[in-house]
Amino acid sequence: MKSNRRNFIQKLGVGTAGMGLAGALPLSSEAKTPLKDKGDEQVLFVGDNIAVANTKYGKVRGYILRGIHTYLGIPYGADTSGENRFMPPQKPKAWSDVKPAVWWGNTAPQIMEKRYADAYSSFVDHWNYDDVSEDCLKLNVWTPALDAKKRPVIVWLHGGGFVNGNGIEQDGYNGENLSRMGDVVFCSLNHRLGTLGYTNLAGVGGEKFAASGNVGMLDIVAALEWVRDNIANFGGDPGSVTIIGQSGGGAKVCALTAMPSAKGLFHKAVALSGSMLGGVSKEYSEKLGELVLKEAGLAPNEIGKLQQIPWREYIDIANRAATKAADEARRLGLTRAGFSPVADGRFMMDKPFYADNSHFSSEIPMIICSTFNESSPSRVDSSLEKVSLADVKEKIKTRFGDKSSEVADAYAKVFPDKKPIEIWSMVMSNRKNAIAAADAKSKQKAPVYLAWFGWQPPLFDGRMRAFHCNDICFWFNNTDLMLTHTGGGARPRRLSEKMAKTFVNFARTGNPNGGGLPTWPRYTSENGETMILDDVCLVRNDPDREARKALP
């Protein structure tokens, strides 16, 4: 499926404000020597001998835009359809010609029907989706130069739970600005998702399908292996790789720290508005795999036929099985169910993450961040701005039950300046999971730094607040690319400059300090040191601790 919004020329030219054009001198026709900046020179260069880079599998040709070499849709793995479905990723086949790398790779299979049905969500997040296919193991690279400088490498893992999304679904995921500002190499990627990435068939299919419950994560490991083996050809340092993800991508970051095969492939980690401290139960996931086979009307000796069912049909089959497995999840008391990484003790550890100080994750410095208002109930319903605290207590009963009144009162006491609608939002967006991850990680040797993003855009009459996804473009110096998240202009740009420079410092050294924010201390469970990110940034010790105590 192609979006009719994805116009290539428009994409290249969008958002020039704040992109540092004066620092991106135009190049000669040979793309080798800068021309004197005359203020309105050519900024896009593409041609036979421009931006040609080597990989282990063959040469790729990208383009140079505003001084940044850009490569889109580079294969890091083979097509995952047919006999490769449910199998660990295979290496891509080598090629002899120069492969064009000027357009995004396919989006991983997922339900695309009515993806744009919610007009406001489509407007705000400006979703970008192209062809959907099982031939989706592709990555993108932005780099200042093809040289031997050994720049820090940043690898972006998209959100969407473990079910939806792709590496460029929002314009704010674009790596050009951060690559230029920080002199870093920026990568993003697509990988298998949902039912095709995490159906655990090991219980019914045996050793051949042993990896099936984690192939989506093994795809990411394969992408990191590609970075290790190839990124020096793009001016990057394979010994300085930072993984960063948001929402489901943040959970993927945590999952990678628990995968033996990922050891040594990354050196710093950032989890934004998403974390996990353990995978799906092996027992549950194997039961779910059995139900998938039954739902497909197949006997165990016919399991191979699952690899031939059209992917869209297979998603429906597997999702019906997951609905039938809900009772099993409740019986086991699971908080994580469905199709996501499996704690099988082989491809992913079956013990709580970060509990072992001798594990390789102990050497990985980490930033964990969440937003004040991951969910903003009144964004498209202005009438909710007038709710009372009593109304809020009723609204949150579906989540907190008999504790609802106590929870709402606790937050109202800690944040007396907040309106009831804001209390509702903060309660539903509480930091409990982020704190749990920070507490666990803080017991290891490498530091963890905790942030809480509170910047609110002046959009929808101020009702968006510091919503889920809003901070991404700030970390990547892309606030002018995400006008529907920020409104654009100098105000968000000022905070973004500090956050992006801080992030680059962290990617370079493992320490975020020196980018313009106040001194950022490492997190401890005792003090709860938290960097508040807003127009005025400051460090406070666990600002919502007393409110969180009321959470069940």
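Which residue forms a salt bridge with Glu385? The legends below answer this and describe further close-up views. The model is predicted, with local features needing pLDDT of at least 70 and side-chain atom pairs counting only at pLDDT 80 or more, whereas totals for chains, interfaces and linings use all residues. Residues are numbered from 1 along each chain as its sequence is written, and side-chain values use heavy atoms, with hydrogens and water left out.

**View A. Salt bridge between Glu385 and Lys419.** The partner of Glu385 is Lys419, and the closest N and O atoms of this pair are 2.7 Å apart. A salt bridge here is a side-chain nitrogen of Lys or Arg within 4 Å of a carboxyl oxygen of Asp or Glu. Glu385 lies in the loop between S14 and helix H11 (389-395), and Lys419 in the loop between helix H13 (404-414) and helix H14 (420-428), so the pair ties together parts that are 34 residues apart in sequence. Helices (H or I, at least four residues) and strands (E, at least two) are DSSP runs, numbered from the N terminus. Glu385 is buried, at a relative accessible area of 16%, while Lys419 is partly exposed at 36%. Buried means under 20% relative accessible area, exposed over 50%, and partly exposed in between (1.4 Å probe, protein chains only).

**View B. Salt bridge between Glu207 and Arg346.** The closest N and O atoms of Glu207 and Arg346 are 2.7 Å apart. This pair links distant parts of the chain, 139 residues apart: Glu207 is in the loop between helix H5 (202-205) and helix H6 (215-230), and Arg346 is in the loop between strand S13 (342-343) and strand S14 (366-371). Glu207 is exposed, with a relative accessible area of 56%; Arg346 is partly exposed, with 44%.

**View C. Salt bridge between Arg465 and Glu422.** The two side chains meet at 3.7 Å, N to O. Arg465 belongs to the loop between strand S15 (448-453) and helix H16 (472-475) and Glu422 to helix H14, so this contact ties together parts that are 43 residues apart in sequence. Both Arg465 and Glu422 are buried.

**View D. A network of salt bridges.** Arg431, Asp542, Asp544, Arg545 and Arg548 are linked in this network. The structure as a whole holds 36 salt bridges.

**View E. Surroundings of His359.** His359 is placed in the loop between S13 and S14 and counts as buried, at 19% relative accessibility. Leaving aside residues up to four places away in sequence, His359 touches Thr257, Ala258 and Met349, where contact means heavy atoms within 4.5 Å.
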